[in-house]
Amino acid sequence: MPVPPTSPCQPLPALDAIAAGVLLVCGLIFLPGAGHSPFWDLSGIVAVPAWLACLGVLALRHSARPLFRAKLAAIALAGLAPFAAWGFRYGGNLLLVVNGTLATFAAIWFAFEIVELVVAEARRLGNRDLLRAGRNGLFLLTYFLLIPVAALHVSFALSVLADTGAILEDLRDSWYLVPAPLRWVPLLPAANVGRLAWLLRATLAANLSEKEPS
């Protein structure tokens, strides 16, 4: 079957919401000092931009790739997002730690679904630059976000099973064993998801403007 010259993925404001939400989450969680103000710790409201990104996904329609998994990931993330900050802040509470961990992996799943969407749309559009950027985004997510985060949690689980005396706080404190410059590496693939959503939005907008009669 021939590939359609344009993509029907709509509406464009939904992609704006996804990009803005993802980048705001990155600012509140990863950037040193960005989650703090003279009055309170803003990382506690990380769920708000996460909900914005999730609403953007739920509003999407007519994608080149079936949206069921993306919307399921958005629903899972929306429900678990408040635990992301709570699980890290109150590391001794089993319920919060478990749900915070689930929130972390829901966010990673959500990120993969967004980048897969960008790749599918790039193929439909025949845009090689966007397709290359999307594939690079999948590489970054796999090797600089999923693998490091999974390795941290697996090593903690093994230490618990081996009865080494590990406690819940060790999961949170283990992040501080990573050298400070490397601790912010997950910022790169996470922020890149927002960038890719905006690149797709710009590409779709350009195609729509070309189709408009002069």
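Predicted model: local features only at pLDDT ≥ 70, side-chain atom pairs only at ≥ 80, totals over all residues.
Helix 1 and helix 2 cross with left-handed geometry. Helix 1 spans residues 12–29 and helix 2 spans residues 47–59; their axes come within 7 Å and cross at roughly 155 degrees. Angles over 145 degrees count as roughly antiparallel, and the two helices are therefore roughly antiparallel to each other.

The residues that make this contact can be listed from either side. Helix 1 contributes Ala 14, Ala 17, Ile 18, Ala 20, Gly 21, Val 22, Leu 24, Val 25 and Leu 28. Helix 2 meets them with Pro 49, Ala 50, Leu 52, Ala 53, Gly 56, Val 57 and Ala 59. Sorted by class, the contact of helix 1 with helix 2 has 14 nonpolar residues, two polar ones and no charged ones. Gly is counted among the polar residues here, and Gly 21 in helix 1 and Gly 56 in helix 2 are both on the list.

These two helices belong to a chain that has eight helices and zero strands. Read from the N terminus, the order of elements is α-α-α-α-α-α-α-α. The chain has 214 residues, and 42% of them count as buried. As for contacts in the chain between residues at least 6 apart in sequence, 74% join residues at least 24 apart.

The next stop is helix 5, which covers residues 128–161. How many aromatic pairs does the count come to? The count comes to two. One of them is formed by Phe 139 and Tyr 143, with 4.8 Å from centre to centre and 40 degrees between the planes, a tilted arrangement. Both residues lie in helix 5, four residues apart, which is about one turn of the helix. Phe 139 is partly exposed, at a relative accessible area of 46%, and Tyr 143 is also partly exposed, at 48%.

The rings of Phe 139 and Phe 144 also pair: their centres are 6.4 Å apart and their planes stand at 65 degrees, so this pair is edge-to-face. The cut-off behind that label is an angle over 60 degrees between the planes. Phe 144 is found in helix 5 too, and with a relative accessible area of 34% it is partly exposed. Phe 139, Tyr 143 and Phe 144 form one aromatic cluster.

Which residues does Phe 144 contact, leaving aside its neighbours within four places in sequence? They are Phe 139, Val 185, Pro 186 and Pro 189. Pro 189 is 45 residues from Phe 144 along the chain, yet the C-alpha atoms of the two are separated by 6.8 Å.

Helix 8 runs over residues 187–211 and includes Asn 192. Is Asn 192 buried or exposed? Its relative accessibility is 12%, so Asn 192 counts as buried, the cut-off for that class being under 20%. With residues up to four places away in sequence not counted, Asn 192 touches Gly 137 and Leu 140.

Methods:
Residues numbered from 1 in each chain as written. Heavy atoms only, no water. Axes fitted to C-alpha atoms, helices over the stretch in contact; angles between N-to-C directions. Parallel < 35°, antiparallel > 145°, perpendicular 65-115°, else oblique. Left-handed = near helix turned anticlockwise from the far one by under 90°. Contact = heavy atoms within 4.5 Å. Phe/Tyr/Trp six-rings, centres within 6.5 Å; stacked < 30°, edge-to-face > 60°. Buried < 20%, exposed > 50% of the residue type's maximum accessible area, 1.4 Å probe, protein only.
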